[in-house]
Amino acid sequence: QRRLGSEKLKSLSHELRSIQQRSEEMVAERARLKHIVASSDSTVRSAQDRHQQEKAVRTVFQLQEEKSRLDGYLAALQQQLALQISNETQVEWVEEEFWTHNRD
């Protein structure tokens, strides 16, 4: 019986060491996987940041184009307004001259 108990104890001891070794391997694997996940999270964040930057650059470029277009439109309106004011001033001057000469 003693021999049987001794064999059983050796077997359990061996099994315990095996379980401890697997546990250590699992802890190491878990640490490795956590590192991979953290690294991939960083890569994803970096890609998202890059995407946001590209989107911001496109938006700025579109706004610059829109501003340029609106500046051109504003310049054309200012020119048209100046021409209209000039024409109205000429009409007023012609009317004034007409009435000045026809009063006599």
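What radius of gyration does the protein have, and what would a compact globule of 104 residues have? The protein has 44 Å, whereas such a globule would have a radius near 13 Å. The radius is taken over C-alpha atoms, and the globule rule is 2.2 Å times the number of residues to the power 0.38. This is a predicted model, in which local features need pLDDT of at least 70, side-chain atom pairs count only at pLDDT 80 or more, and totals for chains, interfaces and linings use all residues. Residues are numbered from 1 along each chain as its sequence is written, and side-chain values use heavy atoms, without hydrogens or water.

The C-alpha trace spans about 150 × 15 × 10 Å along its principal axes. The protein has one helix and zero strands. Both are DSSP runs, numbered from the N terminus (helices: H or I, at least four residues; strands: E, at least two). Helix α1 covers residues 2-103.

Buried residues make up 0% of the 104 residues. Buried means under 20% relative accessible area, exposed over 50%, and partly exposed in between (1.4 Å probe, protein chains only). Leu77 lies in helix α1 and is partly exposed, at 37%. Glu96 is also found in helix α1; its relative accessibility is 54%, so Glu96 counts as exposed.

Two surface patches involve these residues. Like charges are joined within 9 Å, and nonpolar side chains (Val, Leu, Ile, Met, Phe, Trp, Tyr) within 5 Å. Leu70, Tyr73 and Leu77 form a nonpolar patch. Glu88, Glu92, Glu95 and Glu96 gather in a negative one.

How values were computed
Patches are made of residues with over 30% relative accessible area and no salt bridge: like charges are joined within 9 Å, nonpolar side chains (Val, Leu, Ile, Met, Phe, Trp, Tyr) within 5 Å. Accessible areas come from the Shrake-Rupley method with a 1.4 Å probe; for residues, only the protein chains shown count as cover. A salt bridge is a side-chain nitrogen of Lys or Arg within 4 Å of a carboxyl oxygen of Asp or Glu. Lys and Arg count as positive and Asp and Glu as negative; His and the chain ends are not counted. The place of a charge is taken as NZ of Lys, CZ of Arg, CG of Asp or CD of Glu.
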